[in-house]
Amino acid sequence: ALSQSELILVQLISESFAEVGQGILGKLFNTGGRQQPAFSDAATDPLKAQIVINTISDGIAIIDAQGIIQLFNPAAEALTGWKASDAISLDYRSIFNLYNNAGRPIENAENPMAQALRARQTVTNDKIYIETASGKRIQILLKATPIIRSQDSPSRRWHRDRLSRYYT
């Protein structure tokens, strides 16, 4: 089961930007295809991460352990037709209406986000359509990457060390 310390990063790439956008988030989050990606320095600096996420052409959403959207960047707004202020705090399944090549809704077992959570590894699907808020279906490349935040991350160790020096 997904724990409170786990998130899933969803990358939505419009077919026209598929070649341009690949790899940007891997560099930011230093996933390198590992089963348990670690945050890089850029990802742990909130300002740097926010700048990158808000300026790249990939639609980005971060979903928590309960399936609730926590972050929704401007490119995700443009691709889905949903405003971030409306999408944040909703279950991702109400925003990401996904369809296969045959035009049938994607069931939970085939859903890349669910697959990534079960397998605890990145799942990519380039034969998927998303239905926008206006009802239009567009083909996208969808990449779902679980982000497992260690309970003993470098920043937590740093703070713990500082506190122990202060109190001892």
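User: Where does R120 lie?
Analyst: This is a predicted model, with residues numbered from 1 along each chain as its sequence is written; local features need pLDDT of at least 70 and side-chain atom pairs count only at pLDDT 80 or more, while totals for chains, interfaces and linings use all residues. Side-chain values use heavy atoms, leaving out hydrogens and water. Helices (H or I, at least four residues) and strands (E, at least two) are DSSP runs numbered from the N terminus. R120 lies in the loop between helix 8 and strand 5.

User: What phi does R120 have?
Analyst: Most residues other than glycine have a negative phi. R120 is not a glycine, yet its phi is positive, about 55°.

User: Is R120 buried, partly exposed or exposed?
Analyst: Buried means under 20% relative accessible area, exposed over 50%, and partly exposed in between (1.4 Å probe, protein chains only). R120 has 28% relative accessibility, so it counts as partly exposed.

User: Which loop holds S89, and is S89 buried or exposed?
Analyst: S89 also has a positive phi, near 85°, without being a glycine. Its loop runs between helix 6 (84-87) and helix 7 (92-95). The relative accessible area of S89 is 54%, so this residue is exposed.

User: Is N100 buried or exposed?
Analyst: N100 sits in the loop between strand 4 (97-99) and helix 8 (112-119). Its relative accessible area is 18%, so N100 is buried.

User: Which residues does N100 touch, leaving out those up to four places away in sequence?
Analyst: Contact means heavy atoms within 4.5 Å. Beyond four places in sequence, N100 touches I106, K127 and Y129.

User: What is the strand order of the open sheet?
Analyst: The chain has nine helices and six strands. Two strands pair if DSSP finds at least two bridges between them. The edge strands, each pairing on one side only, are strand 3 and strand 4. Pairing is antiparallel in this six-strand sheet, and the order is 3-2-1-6-5-4.

User: What angle does helix 8 make with strand 6?
Analyst: Axes are lines fitted to C-alpha atoms, for helices over the stretch in contact, and angles run from 0 to 180 degrees between N-to-C directions. Neighbouring strands of the sheet are turned by 35° against each other on average, direction ignored. Helix 8 packs on the sheet, touching strand 1, strand 2, strand 4, strand 5 (123-131) and strand 6, and its direction makes with that of strand 6 an angle of about 20°.

User: Which residue stands opposite L12 in strand 2?
Analyst: Strand 1 (residues 6-14) and strand 2 run antiparallel, joined by five bridges. In this pairing, L12 stands opposite G59.

User: What is the bridge partner of I63 in strand 3?
Analyst: Strand 2 and strand 3 (residues 69-72) pair antiparallel over three bridges. They form a hairpin with five residues between them, where G67 in the turn has a positive phi of about 85°. The partner of I63 is I69.

User: Which residues of strand 2 point the other way from G59, A61 and I63?
Analyst: In a regular strand, side chains alternate between the two faces of the sheet. Strand 2 (residues 59-63) is mostly covered, with five of its five residues buried. Opposite to G59, A61 and I63 point I60 and I62.

User: Which members of the largest nonpolar core touch the most other members?
Analyst: A nonpolar core is a set of buried Ala, Val, Leu, Ile, Met, Phe, Trp, Tyr and Cys residues joined through side-chain atoms within 4.5 Å. Beyond four places in sequence, F72 touches residues including I60, W82, I88 and F96. In this core of 26 residues, the most other members are touched by V10, F72, F96, M113 and L142.

User: What share of the 168 residues counts as buried?
Analyst: The chain exposes about 9400 Å², and carbon and sulfur atoms supply 52% of it. These areas come from the Shrake-Rupley method with a 1.4 Å probe; for residues, only the protein chains shown count as cover. Of the 168 residues, the buried share is 40%.
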